[in-house]
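Subject: Structure for your review

Dear colleague,

Please find the structure below, together with its sequence. A short account of the findings follows it.

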Amino acid sequence: MATRLGRGTSGGELPSGSVTFLFTDIEGSTRLMQRAGDAYEPLLIEHRGIIAEAIAAHRGHLLGTEGDGCIAVFAGAADAVATCVTAQRALSAIAWPEGLDLTVRMGLHTGDAVPNTEGDYISLTVNQAARVGAAGHGGQVLLSSSTAAVVRGALPPELGLDLERLGSFRLKDFPDAEVIHQLLIPGLPSDFPPLRLLGARIDLPVFRTSFVGREDELDALGDRIRQPGLVTVTGPGGVGKTRLAVELATMHGAAFADGARFIDLTRVTDDHEVGDAVATAMGVREAGPDGVEATVQALADRHVLLVLDNCEHVLGGAAALADAILDRCRQTHVLATSREPLAVEGEQVWPLGPLQLPDATGESLEELLDLDTVRLFGERARAVDPTFRLDGASCGAVADICRRLDGLPLAIELAAASVRLMAPGELAARLADGLPVPGKAGRLAPARQRTLRGVFEWSDQLLSPPERMLLRRLAVFRGSWSADAAEEVCAGGALEGVAIVDTMSSLVEKSLVVAITEGGRSRFRMLETIRTFSAERLAAAGEDDAVHQAHAQWMATLMSGLSADLIGPESLRAGAQIDDEVANLRAALAWSAKGAPPIFVQLCRDTGRYWLQRGILAEGREQIERALAVAEPGSARGDLAAAGSRLALSQADYDGALQFAELAQAEAVAAGDAGVLARSLQTQAEVALRLGQSAESRALFEKSLPLAMASDQVQLEVVALQGLGAVETAENQLDAARRSLTQALERSRHIGDDPSTATVLGFLGENALHQGEIDEAAALFEEELAMARAARHPHLIGYALGDITNVLVMRRTDFDRCEELLEEALALAEGIGDRQGVIRARLALGQVARLGPRDFALAEEHLLAALATARSLGIVPSVHETLFQLGLLAWDKGDKELCEHRMRESVTVLRGADVAARAVVPLVVIAELELDKGDALFAARLLGAASGVSGSEGEAGDEGAEIGAKAREVLGDAAYESEWAEGRDLPFPAVVDLLG
């Protein structure tokens, strides 16, 4: 992995020892070279001259050039930084020719290197410097941690330079993480995209308090988790399993090529949801019916550290998932925390005991201060009382507290949080005077719970009656909650007239409730162990049903307002607010499904649009089906069925979508609900359009439009108009389509509905492409993508990514970006279960592989996968398009026989569909192939058929005209025109028959 560099060209003796290497490179040089042509070499020479001059001016040595970049070495890191500043300013000041802006990325790394007798450097430092340089973007200067450490205090203040820490990353071929910094140069750009690195993703919680002790466990477990398999850290609640697991993953996550993921299972309510939670963490947006299988597929080839936290309440689900991972994901390392082992074959159990206790016989002050338990108490006590000190007066009492709390970290932290109320001596006395302590819980409590139960009981005794009541009522919340929510749900009874927010703040101070900040808003959460204890107290107090009822009703009221706001200018805010409450929403749904069906029905009705926009398709559809089973007759059933139809449509389950739509239609007719009726007709229309039945689709969209207008729901008008535009585009009525789509766009912008606007922009862009207006289409698609991303709508994001790719493919440019966009689109579609989106993405990936890198094997793999899915769903237009692309692939591979076979198939599959115009190009290709084989008569007839299908008066396009001219030369005018006319007059079914 070492690199050899040539002798320097700047003169003088090359430096040795601790040196700094500089690597520079022109960003996008290949594209720039293609664009500039012969003008590129002068640009390259000019840029090299600027960099060489800067290197010489700051005592550097130019070692040579590599590709479009330069390599230099400096005795001092400050000189290397000054070189970058000088060069970047000089480069930015040049007025490059229009469209040929040249930007250079630069990377610096400092390490030991010695030139040999030939003046060459052979050192890993060189490789690491190259990796740093390659990670940046044009105009960006990156520094490794070693360079940053050297120059941080040496940057001249008058230059205004500064360093920005970008984070810890893995560099290719280097096992340990590297902290990368960016040099901020006044007057030059500082905002760049994410670094181009292999980049292990370290997705772990960040705690605001320090990790104390456990050095031996960290060392031993650090070695163990680097080996494949399952390690389960077990122990009683409060012993610090989660903190230890996160600390381990933070220390070692960078050693895994795909990083580390932390999955908090406290929000999971039963075993079968474990797979869904892990699949979501791995980027699978919708796991479908089998979350374990989705997780295994996502992890199949990933080298990742998976942390499964708090498994004890879903032991069966966690065990089943871990077992499947051990069997099929050999590169995945699993670190679990649980109060008991998962009991999986191959599991290594690591019992985690309490922190070391002070010796009851007494230690010196120095010995006590070295103990983890005492240090932990001191740090947490200072967090709530900065004046607290561990000294001769307090240490003995703190040691006594730690002993009485059995060295459990959570118990110690709870005790330390009370130092603002009482001194350590008072706390120790209260424990000694009989307050419940760990190990003194009721005999019926499980052994693994007694110690922590004692902590909670002891802590509970210190609460005032309002605090105690509020703590147990807060147990109904899942995830996090707002202060307003606590006031709505927990008020009443003994809390009447009590300032709930103030009482909750007191619980925060006592470490029983945690205050967090999410998106600039203050929210609260509870440790799951405390929540479980508090829920037991809630049930014991006889308040369980009443508080859950209040929680579910609060959630229903909230969703009623937010659902309406999901359409219009408040949609982004409303969606984000529901995101915050999604754990509470699921809890309310779970409880109301059993305890309050009317609330459950209302929740499902008002959540339908959110499920659709967030791509939560399978879960949403399942809940709607359950709600329909218990809903009373009335308008709610129509709304539920209409929402279910859209969810099924997004899954490309067209039979299911039609069943929901027909039920919605029946309910709407009975209730006289024009809006629901319009929605049901529009779902049926879209199914027809996707299946190639444009006439039926048009009729249904036209029927829905007056109903949408009568319902006074502008968003439904938008859907009707965009649907008509899509039909007209499919029927090649491009001007009419543009008029319909323009009307739809005006209405969607008027109501400020970003998802609808993004959809219409996509259809308008497609219309522009059909009319050859590529630049206009590109602008429309970019706006579509921006709106879809802002709305966090995975379905629309995927389609917008595909739309942008269409433009790039037509331009035959930037195939790397095409692949990147389409891989994202494919992941989104697979994640939410959008099979139509999967077809689109794979079809486009096949086309890109064929046209760009000309990887025919990969192209065929994508296209055959798309064909299989399209055929299974009966989507005629997609089957046709995939066959057509497979025909083009065969042409490129030189297999003309297979090409013609695929083209014939692509035309034949259109029989019975209302999209015969799609057959034009395949017919022209078949005509050319037949002409090449010497059958000019058949070629002429096929060209006539292509013109008839397209509705044109002359030949079908320029290519058709060119082939026609060749056939005319062979046949003569009379024979050609006779055959052409005969083909021109054939109805489309006869054209299909003509192909046999």
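Predicted model: local features only at pLDDT ≥ 70, side-chain atom pairs only at ≥ 80, totals over all residues.

With which residue does Arg-105 form a salt bridge? The partner is Asp-25, and the closest N and O atoms of the two are 2.9 Å apart. A salt bridge here is a side-chain nitrogen of Lys or Arg within 4 Å of a carboxyl oxygen of Asp or Glu. This pair links distant parts of the chain, since Arg-105 is in strand 5 (residues 104-113) and Asp-25 in strand 2 (residues 17-26), 80 residues apart. Helices (H or I, at least four residues) and strands (E, at least two) are DSSP runs, numbered from the N terminus. Arg-105 counts as buried at 12% relative accessibility, whereas Asp-25 counts as partly exposed at 23%. Buried means under 20% relative accessible area, exposed over 50%, and partly exposed in between (1.4 Å probe, protein chains only).

Residues are numbered from 1 along each chain as its sequence is written, and side-chain values use heavy atoms, with hydrogens and water left out.

The chain as a whole

The chain has 44 helices and 18 strands. Its C-alpha atoms fill a box of roughly 115 × 90 × 55 Å, taken along the principal axes. Of the 996 residues in the chain, 54% are buried. Among contacts (heavy atoms within 4.5 Å) with a separation of 6 or more, 69% are between residues 24 or more positions apart.

Further salt bridges

The salt bridges number 43 by the rule given above. In one of them, the side chains of Glu-731 and Arg-698 meet at 2.7 Å, N to O. Glu-731 lies in the loop between helix 30 (714-730) and helix 31 (734-751), and Arg-698 lies in helix 29 (residues 694-711), so the pair ties together parts that are 33 residues apart in sequence. Glu-731 is partly exposed, with a relative accessible area of 25%, and Arg-698 is buried, at 19%.

Another salt bridge joins Arg-738 to Glu-773, with the closest N and O atoms 2.7 Å apart. Because Arg-738 lies in helix 31 and Glu-773 in the loop between helix 32 (754-770) and helix 33 (774-790), this pair ties together parts 35 residues apart in sequence. Arg-738 is partly exposed at 23%, and Glu-773 is partly exposed at 28%. Salt bridges that share partners also join Arg-698, Glu-702, Glu-728 and Glu-731 into one network.

Helix 30 and helix 31

How do helix 30 and helix 31 pack, in angle and in distance between axes? The angle is about 160° and the axes are 8 Å apart. The axes are lines fitted to C-alpha atoms, for helices over the stretch in contact, and angles run from 0 to 180 degrees between N-to-C directions. Helix 30 is therefore roughly antiparallel to helix 31, a term for angles over 145 degrees. Residues that meet across this pair include Val-714 and Leu-721 in helix 30, and Leu-734 and Ile-751 in helix 31.

A last residue

Arg-941 is found in helix 41 (residues 936-950). Not counting residues up to four places away in sequence, Arg-941 touches Glu-979, Glu-982, Gly-983 and Leu-994. Arg-941 and Leu-994 are 53 residues apart in sequence and 9.4 Å apart in space, C-alpha to C-alpha.

Yours sincerely

Note on methods. Parallel < 35°, antiparallel > 145°, perpendicular 65-115°, else oblique.
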